[in-house]
Number of protein chains: 2
Amino acid sequence: MIGVFDSGFGGLTVLEALLGRLPAYDYFYLGDSARAPYGARSPDVIYEFTREAVEFLFASGCPLVILACNTASARALRTLQQRYLPAHHPSHRILGVVRPSAEALAGLSPSAVATSSARGTVAVLGTTGTVASDSYRLELAKLAPHLSLLQQACPLLVPLVEEGELTGPGTDYFLHKYLDPMLSSATPPERILLACTHYPLLLPAIRALLVERRAASIELLDQGEIVATRLAEWMARHPEMDARLGHGGTRRYATTDDPRWFAARAATVLGRAIEVEKVHLQPLG
Amino acid sequence: MIGVFDSGFGGLTVLEALLGRLPAYDYFYLGDSARAPYGARSPDVIYEFTREAVEFLFASGCPLVILACNTASARALRTLQQRYLPAHHPSHRILGVVRPSAEALAGLSPSAVATSSARGTVAVLGTTGTVASDSYRLELAKLAPHLSLLQQACPLLVPLVEEGELTGPGTDYFLHKYLDPMLSSATPPERILLACTHYPLLLPAIRALLVERRAASIELLDQGEIVATRLAEWMARHPEMDARLGHGGTRRYATTDDPRWFAARAATVLGRAIEVEKVHLQPLG
């Protein structure tokens with residue numbers, strides 16, 4: 001199975017793209033809803049929670065885990081890959097969403113390994129934790145050193161999405177608060193990455209705001225497609241991992257909070273009913 | 001020590017009132033910031049997290065624990081008092097904020113034990129979990145059976161407070177969304193209880209809205225003073241507990257997330273710097 005982890009149900013937007021692009025694999029989606037959202041938590045806590053989730057997915061038979069959560073990718077992935085995997089699971093793999101999204105932000109095609117010489121400005125909208133980690137800046141500096149990056153923390157967008165406030169004056173107020181400064185800057189961005197799994201649910205409201213601000217030419221990057229495209233590429237380069245994954249097209253869904261609540265939220269993202277298990281994550285000390 | 005528990009730093013508004021009214025006791029405040037907010041989580045998860053926190057405070061030397069969190073009081077207190085304490089800690093006590101707040105909402109003085117014959121309408125603003133539990137309705141039905149109760153879940157107020165959005169058009173929009181229906185009802189409330197420890201930080205914005213709506217005569221009940229007054233009463237009736245508590249005026253503060261972050265937020269509530277420890281809560285299985 002391919003494990004897909006997110007702090008909550010938002011990562012289902014990434015899973016949905018994976019199922020569309022790579023439907024034959026078996027998938028196990030885990031949302032840590034009992035402790036969501038991760039966005040404003042400290043790096044130590046995000047690392048600890050993410051490691052517990054990864055350990056659970058490994059133990060459940062997933063040799064490959066995708067961190068669909070930007071906050072977890074930005075705050076925990078590097079340490080997991082460089083220290084935790086070599087010491088505890090040397091043949092397992094964990095992939096995040098920051099690197100592939102930064103490649104797309106740099107305008108690099110999935111198969112390109114070159115550095116981009118592009119100039120101009122691009123932007124990232126993310127949680128407080130994602131922006132504070134500066135992960136996108138670090139990745140982009142390697143991939144496209146001449147691109148300027150604007151980053152904006154949008155701490156209220158996840159609660160607004162969680163409460164179903166996808167449109168309306170309250171949501172518009174905060175979208176303007178977060179977007180207006182970058183739209184009014186001397187060098188507005190050519191593309192904006194929605195670097196949080198919840199944000200695609202706000203796409204209609206964000207598009208309307210760009211039209212209102214006469215900025216409709218700005219490209220909005222949705223991570224689901226980006227991650228799915230680049231995972232297909234990665235898999236083609238890693239046949240040894242492909243051979244270890246089940247290809248039965250099965251799907252499992254688990255949450256750390258109420259499975260009925262999770263299934264109801266999932267239905268709004270996936271457009272279909274799913275069965276959800278409740279699981280406990282064990283502290284690893 | 002008296003243990004004071006909240007899901008985050010909001011309960012410091014209750015602690016502050018306790019320190020003002022009953023300063024001689026030793027206090028240990030615990031905020032579970034790594035897993036806050038509790039408001040929208042399921043009853044099972046709220047019970048589990050609250051029990052872990054209570055167990056920690058008991059083990060730290062607190063024979064009396066106050067659940068400053070309305071969600072925990074509404075979702076977990078009854079089971080903790082009726083099943084958990086008798087089986088595991090028969091001489092310890094846990095008190096919540098729902099019962100004393102319902103007494104104040106009923107217009108009953110702390111020393112009164114009678115039922116109120118008052119008629120009219122009162123209202124509660126709370127988290128999704130507090131309102132869904134119907135705890136305030138159940139308590140009020142016993143205390144003042146002829147009072148009508150309006151309840152409003154306000155799920156975005158905690159995130160707004162956490163992000164420091166205490167005023168402004170975005171906050172006003174959601175305050176209007178939550179308050180306008182009760183202000184426009186055929187029987188608007190005579191008093192409104194702010195049944196969440198975060199909400200007192202929105203008092204200026206709520207007062208301004210009531211003035212704008214020509215409803216400034218509505219009384220706003222802040223739980224800090226209510227809980228402090230009624231705890232003083234309770235203590236006078238329980239000298240055996242008073243004798244088990246330290247009277248050295250010491251204060252300890254702990255959080256499950258970054259103690260520096262917590263100390264910075266605490267300073268905005270308490271108006272002074274405090275030292276904060278980081279602790280881990282153990283799952284009890």
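Strand β5(B) is mostly covered, since five of its seven residues are buried, where a residue counts as buried if 20 or more other C-beta atoms, placed from the backbone, lie within 10 Å of its own, as exposed if 12 or fewer do, and as partly exposed in between. This is a predicted model, in which local features need pLDDT of at least 70 and side-chain atom pairs count only at pLDDT 80 or more, while totals for chains, interfaces and linings use all residues. Residues are numbered from 1 along each chain as its sequence is written, and chains are lettered from A and ligands numbered from 1 in the order in which they are written. Helices (H or I, at least four residues) and strands (E, at least two) are DSSP runs, numbered from the N terminus.

**Strands of chain B**

- Strand β5 (residues 120-126) of chain B pairs in the parallel sense with strand β6 (residues 147-153) of chain B over seven bridges, pairing being counted if DSSP finds at least two bridges between two strands; here Thr121(B) stands opposite Ser148(B).
- β5(B) also runs parallel to strand β7 (residues 191-194) of chain B, to which four bridges join it, with Val122(B) opposite Arg191(B) and Leu125(B) partnered by Leu194(B).
- β7(B) in turn pairs in the parallel sense with strand β8 (residues 219-222) of chain B over four bridges, and Leu194(B) stands opposite Asp222(B) there.
- Together with helix α10 (residues 203-212) of chain B, β7(B) and β8(B) make a right-handed β-α-β unit, which means that, with the strands pointing away from the viewer, the path from the first strand over the helix to the second runs clockwise.

**Domains of chain A**

- Chain A is divided into domain 1 (2-96 + 224-278) and domain 2 (99-223), with bounds that come from an automatic or database domain assignment, and the C-alpha centres of these two domains lie 22 Å apart.
- Where the domains of chain A touch, 25 residues of domain 1 are in contact with 24 residues of domain 2, contact being counted if the C-beta atoms of two residues, placed from the backbone, lie within 7 Å.
- On the domain 1 side, the largest share, seven residues, comes from α11(A).
- The residues of that side divide into 10 nonpolar, nine polar and six charged, where Ala, Val, Leu, Ile, Met, Phe, Trp, Tyr, Cys and Pro count as nonpolar, Asp, Glu, Lys and Arg as charged, and the others, Gly among them, as polar.

**A buried helix and an exposed residue**

- Seven of the 10 residues of α1(A) are buried, so this helix is largely enclosed by the rest of the structure; among the buried residues are Leu12(A), Val14(A) and Leu18(A).
- The elements that cover the buried residues of α1(A) include β1 (2-6), β2 (27-31), α11 and α13 of chain A.
- Arg272(A), in the loop between α13 (259-270) and β10 (277-278) of chain A, is exposed because it has 7 other C-beta atoms within 10 Å.

**The two chains together**

- The contact between the chains takes 17 residues from chain B and 17 residues from chain A, and helix α9 (residues 169-183) of chain B gives the largest share of the chain B side, four residues.
- A rotation of 180° with 0.0 Å of shift along its axis superposes chain B on chain A (RMSD 0.0 Å), with the copies superposed by least squares on the C-alpha atoms of residues with pLDDT of at least 70 in both.
- That is the relation of a two-fold axis, and the same surface serves both copies, as 100% of the contact residues of chain B recur in chain A.
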